[in-house]
Amino acid sequence: MTTAATRHSDRRISPVFLGILAVTAVTGWATWTGFAELPGVAVFLFVTAAWIVSLCLHEYAHARTALHSGDISVGAKGYLTLNPMKYTHALLSIVLPVVFVIMGGIGLPGGAVFIERGRIRGRWRHSLISAAGPLTNVLFAVVCTAPFWLGALDGVPADFRFALAFLALLQVTAAILNFLPVPGLDGYGVIEPWLSHGVRRQVEPFAPFGLLFVFALLWVPAVNGVFFDVVDSLLGTLGIHELDTYCGYDLFRFWQDTSGVCPVSS
């Protein structure tokens, strides 16, 4: 008998995801060429679409790792199609992360795929499933920062460079925040299999609020300052100047008056 995980339709890439990829490509081209009359709109669409692509890949990594670890149910749930509409919590998975980006320039994916943990044996496998998502953000960050630390930016338009720098910032913040050992985030999922049953039962009620707790904590000026100092320092070692990410965020929020310090297209 064919299992849900082995049916071809369960692994076919969703047209929704392909559409988001197309938006990323077209708006990336518009940002690069200066084709858009309003460069900020092109940057907004490019960064948002690319961010949603990374969210899909983040959740796909969880699901794919779970599949190879023993949970064959992920195929029937549509998790292997990269369709964001198939996620367990569309609000937490797509809407809130995009809102976080708009409000604070913070990349923070939410919980999305439901893994049947009872099908999986071995604590290492459970930890790897949780780590797979943020590791995808790390890989995405490497791709975004590569032109900077490889010195391959000669001839790259300023708008595109700024957009890429801001997208890199989102991936770095997503990786750092998701690896925090806070209930509800992937970092806690990594260590959870190694905790005692009693500790897990005590922590479980707080899991639904972990994401909102972290975001609220980042609104505390002192915490926010320290966090972004770390992020800027890390990006700096990868060749991305703080001005690059600032101008990228400035362009991204096209509905606001620009600061006037960024050399962008008019």
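**Stop one: a greasy patch**

Select L135, V138, L139, V142, V143, W149, L150 and F179: together they make a nonpolar surface patch of about 740 Å². Keep in mind as you go that this is a predicted model.

Now pick out L150 from that patch. You'll find L150 in the loop between α4 (123–149) and α5 (158–178). L150 counts as exposed because its relative accessibility is 58%, and the cut-off for exposed is over 50%.

**Stop two: a pocket**

Next, go to the second largest pocket, with a volume of about 250 Å³. To centre your view, select L169, F228, T245, Y246 and Y249, which lie nearest the pocket's centre among its 13 lining residues.

Which helix gives the most to the lining of the second largest pocket? That's α10, with five residues.

Then switch to colouring by residue class. The lining of this pocket has five nonpolar residues, alongside four polar and four charged ones.

Finally, select L82 and check its backbone: phi is positive, at about 65 degrees, although L82 is not a glycine. L82 is in the loop between α2 (39–69) and α3 (90–104). Is L82 buried or exposed? Buried, because its relative accessible area is 8%, and buried means under 20%.

Key: Residues are numbered from 1 along each chain as its sequence is written. This is a predicted model: local features need pLDDT of at least 70, side-chain atom pairs count only at pLDDT 80 or more; totals for chains, interfaces and linings use all residues. Side-chain values use heavy atoms; hydrogens and water are left out. Patches are made of residues with over 30% relative accessible area and no salt bridge: like charges are joined within 9 Å, nonpolar side chains (Val, Leu, Ile, Met, Phe, Trp, Tyr) within 5 Å. Accessible areas come from the Shrake-Rupley method with a 1.4 Å probe; for residues, only the protein chains shown count as cover. A salt bridge is a side-chain nitrogen of Lys or Arg within 4 Å of a carboxyl oxygen of Asp or Glu. Helices (H or I, at least four residues) and strands (E, at least two) are DSSP runs, numbered from the N terminus. Buried means under 20% relative accessible area, exposed over 50%, partly exposed in between (1.4 Å probe, protein chains only). On a 1 Å grid over the protein atoms alone, a cavity is a set of points where a 1.4 Å probe fits but cannot get out, and a pocket is an open set with protein on both sides within 12 Å along at least five of seven lines; lining residues have an atom within 4 Å of a point. Grid points are joined across faces, edges and corners, and a volume is the space filled by probe spheres set on the points. Ala, Val, Leu, Ile, Met, Phe, Trp, Tyr, Cys and Pro count as nonpolar, Asp, Glu, Lys and Arg as charged, and the others, Gly among them, as polar.
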